[in-house]
Amino acid sequence: MKSRQFRQYLKRGHGRCFAVLKSTADVEKYRKDVLWGCLNGFAFDAQCEGSRGAYLYRLVCLFPDRESFVPAITEKYLSLNTRKSWEHLHFSELLSYFAEDGSELAEKALRKKYNDLYKKMIAKKRFGLVDFDRECLEYLAIIFGLRNITSWIDVASDLGKLAIASNHYKKQFDFDWFLYHSNEQYTEKRLLKLLEKKKATSESLSVFCDLYVSEINAEKERNETRKSETAIVPSVEKLVEESQNGQIKRIDAIRFRRQSDVDEKIRLAKELEKENDPEKKADLLTVFFSTDYPGSKSKLIEYTESKNANLRENATRVFVSSKGSEIVSHALALLKQKTNRYAALCALIVNYKNKYKSLILDELKTGKLSDDELHGIVMTINRAKDNAVRLPRDFFEFAYDYSPCACCREHAVYYMSKYGWLNDEIINECVYDCNSEISQFVRRYYKSRICNLGTGDFYAP
């Protein structure tokens with residue numbers, strides 16, 4: 001495989017890279033590519049995917065001198081700005097695997113980063129809307145805290161000292177992700193029992209324990225509130241009023257979209273089409289995101305060509321999920337004009353017919369789509385079944401190969417499995433996918449078809 005193609009699969013966290021490295025006669029020709037992957041955080045959305053740390057470490061393990069990768073990784077990690085928090089997650093997790101494997105240099109880098117962030121946060125006086133330092137420290141708190149219970153106590157003590165030293169962090173003890181992972185690893189009951197024993201002799205653990213209990217109680221209250229709340233579907237009048245007064249509340253848009261009947265949706269579309277202000281019109285269109293527009297399709301198309309940026313963008317977001325002959329005609333015209341390929345392709349997939357198959361697939365493989373556009377198209381492919389659209393196998397193979405998001409690739413794998421479309425090559429690639437759900441799925445249901453690729457005993461959680 002050529003370097004450029006290998007790097008594309010590497011960015012996607014695709015298991016094909018492991019298969020390529022394992023089968024090549026000269027793994028060294030891919031060294032620069034793997035190091036390039038190590039030095040960049042490529043997760044499309046780390047909030048849902050996590051990092052590519054474990055995935056990259058698996059690839060590094062196929063080289064005879066894995067430690068040789070560490071100096072370059074640590075050098076970039078220690079110079080990384082905390083505003084690149086997703087990259088911090090990538091580097092922290094990647095180095096943690098090296099450290100667990102005995103790398104003193106990796107362990108030293110992790111400890112230095114943790115101590116530097118900790119000191120910075122204790123001395124901090126100004127706080128922005130997003131606390132990037134806190135996010136990056138929390139990644140390391142999770143790594144160290146989950147090693148063993150002794151390490152967890154040390155981290156808990158540090159967070160208690162932070163709350164004592166900084167009134168800001170005492171009032172805004174936003175380490176819920178650390179607490180979540182802690183509960184998963186050790187159980188809430190065990191941790192509370194341990195803290196109760198130790199807090200009498202440790203002020204920092206006493207403070208941490210109080211904050212921990214406070215978070216537990218706050219979460220219980222939130223759950224009770226959610227249970228008691230009655231989900232009221234807003235009326236057309238309420239949505240129009242919200243739009244006139246500023247902006248439609250996101251929760252109201254979602255509830256109306258999901259629960260209102262067809263007549264109400266048509267009524268709102270008519271109100272939208274009567275509105276003269278393009279900004280208010282754009283706001284009302286948010287209600288119809290990811291659903292078929294119930295109003296005039298010709299007017300919707302007109303809005304996609306508006307001079308107003310918000311109206312044009314929101315109308316396009318509705319256009320790509322709408323059905324009808326006018327939508328199809330406009331989509332075909334866009335492809336002919338070579339403009340807005342993304343919107344045209346999504347619309348044709350939603351309105352799929354076999355006669356469009358070659359046209360769509362040829363356009364998809366031009367390589368002229370951005371990662372964001374590819375992500376949107378893969379999501380459209382995965383959701384086609386919800387719109388009673390049965391797409392051929394080729395579309396899901398495209399999603400599997402080209403999805404920049406590992407979570408979307410996971411849905412494609414499940415769908416292909418349902419229809420018996422997973423061949424042995426794909427199954428064995430999936431074992432080493434960056435998405436652990438994909439790996440666990442094939443190892444559970446296709447165990448007899450998995451080949452022994454060697455050096456495959458490293459499976460990160």
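Predicted model: local features only at pLDDT ≥ 70, side-chain atom pairs only at ≥ 80, totals over all residues.

1. His90 itself belongs to helix α7, which covers residues 85–100. Because its relative accessibility is 1%, and the cut-off for a buried residue is under 20%, His90 counts as buried.

2. The pair α22 and α23. Helix α22 (residues 341–350) and helix α23 (residues 357–364) have axes that come within 11 Å and cross at roughly 145°, and this crossing is left-handed. On the α22 side the contact is made by Arg341, Leu345, Leu348 and Ile349, while α23 contributes Leu359, Ile360, Glu363 and Leu364. Sorted by class, the residues of this contact are six nonpolar, no polar and two charged.

3. The pair α25 and α26. For helix α25 (residues 393–402) and helix α26 (residues 406–418), the axes come within 8 Å, again with a crossing at roughly 145°, and α25 passes α26 in a left-handed manner. Here Phe396, Glu397, Ala399 and Tyr400 of α25 meet Arg409, Ala412, Val413, Tyr415 and Met416 of α26. The contact of α25 with α26 comprises seven nonpolar, no polar and two charged residues.

4. Which residue forms a salt bridge with Asp401? The partner is Arg16, with a distance of 2.9 Å from N to O between the two side chains. Arg16 lies in helix α2 (residues 16–23) and Asp401 in helix α25, so the pair ties together parts of the chain that are 385 residues apart in sequence. Both ends fall under the 20% cut-off for burial: Arg16 counts as buried at 13% relative accessibility, and Asp401 counts as buried at 18%.

5. A salt bridge to a loop. Arg31 forms a salt bridge with Asp65, in which the closest N and O atoms are 2.8 Å apart. Since Arg31 lies in helix α3 (residues 31–38) and Asp65 in the loop between α5 (53–60) and α6 (70–79), the pair ties together parts that are 34 residues apart in sequence. Asp65 counts as partly exposed, at 31% relative accessibility.

6. The closest N and O atoms of Arg267 and Glu237 are 2.7 Å apart in their salt bridge. This pair links distant parts of the chain, with Arg267 in helix α17 (residues 262–274) and Glu237 in helix α15 (residues 236–245), 30 residues apart. Arg267 is partly exposed, with a relative accessible area of 31%, and Glu237 likewise counts as partly exposed, at 45%.

7. Salt bridges overall. A search of the whole structure finds 29 salt bridges. Separately from the pairs described above, Lys120, Lys124, Asp131 and Asp133 are linked in a network of salt bridges.

8. The chain as a whole. The secondary structure comes to 28 helices and zero strands, and the C-alpha trace spans about 70 × 60 × 40 Å along its principal axes. Of the 461 residues in the chain, 50% are buried. Among contacts with a separation of 6 or more, 67% are between residues 24 or more positions apart. The chain exposes about 23600 Å², of which carbon and sulfur atoms supply 47%.

Terms used
Residues numbered from 1 in each chain as written. Heavy atoms only, no water. Axes fitted to C-alpha atoms, helices over the stretch in contact; angles between N-to-C directions. Helix = DSSP H or I, 4+ residues; strand = E, 2+ residues; numbered from the N terminus. Left-handed = near helix turned anticlockwise from the far one by under 90°. Contact = heavy atoms within 4.5 Å. Nonpolar A, V, L, I, M, F, W, Y, C, P; charged D, E, K, R; others polar. Buried < 20%, exposed > 50% of the residue type's maximum accessible area, 1.4 Å probe, protein only. Areas by Shrake-Rupley, 256 points an atom, 1.4 Å probe, with all protein chains shown as cover. Salt bridge = Lys/Arg side-chain N within 4 Å of Asp/Glu carboxyl O.
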